[in-house]
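Here is a friendly tour of one model, going from its pockets to one of its sheets. Have a look at the sequence and the structure first.

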Amino acid sequence: QGLSGNYLTAIAIDHENNLWIGTTGQGVCIFKNEAFLNFSVMDGLPNKEVTCLYQYKTNITFIGTVAGLAYYNGEDIIQLNTIEQLKNRTIRCITKFADNIWIGTDYGIVIITKEESNFKFKKTLETLDGKDLGNIYGLAVGKDGAIWIATSQNGLFYYTPDKTIHYTAPEHLINNDIYTLYIDEFFQLWIGYLSGGASVFD
């Protein structure tokens, strides 16, 4: 059994160094022991179009789709359909911040927390500093412990519990439609745009 699809949307490495690959329309694949394992809706995914992957702690891998969130616990894929705020939402990105899990969606951020063996809803963020967040495409935690939040129309936000800074074009960004964020080994923040290339904060 090979790779389930050629249109790839996300890549992650789990705690056993297995390669996870998200696809458009063909679910998620795991390259393990020189073979592909493929998972789709029949295996528990909310939707076969995977948008993002995130390795959380040792044995949990989150799988974001265009219609909700699931996670793999080492044995099964489990949908987080008990959290109403995630049902049928497009999940764009996931990261850990301040001991919680931040989930970027098509309408703001959903924050959940792990309590014993379950994940629980904590709060939503639809605005910051009075400004709409809208569609969240990137989340990244910097070396100072702050979280960077990329939006598809409203630029870039820098957030800590004590401070929020909003960066917009043309003063700080190429444009306000950000598609992805990445922090490199030198702790520089790379910003990829829907159109217009990339820029870097250092």
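## The second largest pocket

Gly-142, Lys-143, Asp-144, Trp-148, Tyr-158, Ile-183, Phe-187, Gln-188, Leu-189, Phe-201 and Asp-202 form the lining of the second largest pocket. On a 1 Å grid over the protein atoms alone, a pocket is an open set of points where a 1.4 Å probe fits, with protein on both sides within 12 Å along at least five of seven lines, and lining residues have an atom within 4 Å of a point. This pocket holds about 200 Å³, a volume being the space filled by probe spheres set on the points.

By class, its lining has 6 nonpolar, 2 polar and 3 charged residues; Tyr and Cys count as nonpolar and Gly as polar.

The model is predicted: local features need pLDDT of at least 70, side-chain atom pairs count only at pLDDT 80 or more, and totals for chains, interfaces and linings use all residues. Residues are numbered from 1 along each chain as its sequence is written, and side-chain values use heavy atoms, without hydrogens and water.

## The largest pocket

The largest pocket has a volume of about 680 Å³. Among its 24 lining residues, Cys-52, Arg-92, Cys-93, Tyr-137 and Thr-180 are the closest to the centre. The lining divides into 17 nonpolar, 5 polar and 2 charged residues.

At least two lining residues come from each of β1, β5 (50-56), β9 (91-97), β15 (136-141) and β19 (178-183); strands are DSSP runs of E, at least two residues long, numbered from the N terminus.

## An open sheet

Four strands make an open antiparallel sheet in the order β1-β2-β3-β4, where pairing takes at least two DSSP bridges. β1 (8-13) and β4 (35-39) are at the edges with a single partner strand each, so one side of each has no neighbour in the sheet.

β3 (residues 28-32) pairs with β4 over 5 bridges, in the antiparallel sense. Phe-31 has Phe-36 of β4 as its bridge partner.
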